[in-house]
Amino acid sequence: MNLCVSALLLFLAILLPSGRGMFGNDGVKVRTCTSQNAVCFLGCPPGYTWIAFCHNILSCCRNMTKFQPPQAKDPWSK
């Protein structure tokens, strides 16, 4: 495998678990998680609080209402 493909795979592996994609990620709606007003991610993005696991891999995360870090602001919104 050449270096460009390896670098691309590493870049995708770093971005995907954080819940940040190129166009944003709204999470996955799972019934057990939405009952707690939360959504499932592959690891909670900044500005979300971890609650529980969804289907052994995903993390059930709730949006923080107080004390959000500056990284929680969506770069695409104004």
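Trainee: Why is the link of Cys40 to Cys54 called a disulfide?

Mentor: A disulfide is a pair of cysteine sulfur atoms within 2.5 Å. The sulfur atoms of Cys40 and Cys54 lie 2.1 Å apart, so the pair is a disulfide. In general, a disulfide is a covalent bond between the sulfur atoms of two cysteines.

Trainee: On what kind of model does this rest, and how are residues numbered?

Mentor: This is a predicted model, in which local features need pLDDT of at least 70, side-chain atom pairs count only at pLDDT 80 or more, and totals for chains, interfaces and linings use all residues. Residues are numbered from 1 along each chain as its sequence is written, and side-chain values use heavy atoms, with hydrogens and water left out.

Trainee: What makes the disulfide of Cys40 and Cys54 left-handed or right-handed?

Mentor: The torsion about its S-S bond is about -70°, so the disulfide is left-handed.

Trainee: Which parts of the chain does the pair of Cys40 and Cys54 tie together?

Mentor: Cys40 lies in strand S1 (residues 39–41) and Cys54 in strand S2 (residues 48–54), so the pair ties together parts that are 14 residues apart in sequence. Helices (H or I, at least four residues) and strands (E, at least two) are DSSP runs, numbered from the N terminus.

Trainee: How many disulfides does the structure hold?

Mentor: The structure holds three disulfides. One of them joins Cys33 and Cys60, with sulfur atoms 1.9 Å apart. Here the torsion about the S-S bond is 100° and the link is right-handed. This pair links distant parts of the chain, 27 residues apart: Cys33 in helix H2 (residues 31–34) and Cys60 in strand S3 (residues 58–63).

Trainee: What makes Cys44 and Cys61 a disulfide?

Mentor: Their sulfur atoms are 1.9 Å apart, and the link is left-handed, with -85° about the S-S bond. Cys44 lies in the loop between S1 and S2 and Cys61 in strand S3, so the pair ties together parts that are 17 residues apart in sequence.

Trainee: How do you know whether Cys4 is buried or exposed?

Mentor: Cys4 has 63% relative accessibility, so Cys4 counts as exposed.

Trainee: What is the pairing when the bonded cysteines are numbered in sequence order?

Mentor: The pairing in the protein chain is 1-5, 2-4, 3-6.

Conventions: Buried means under 20% relative accessible area, exposed over 50%, partly exposed in between (1.4 Å probe, protein chains only).
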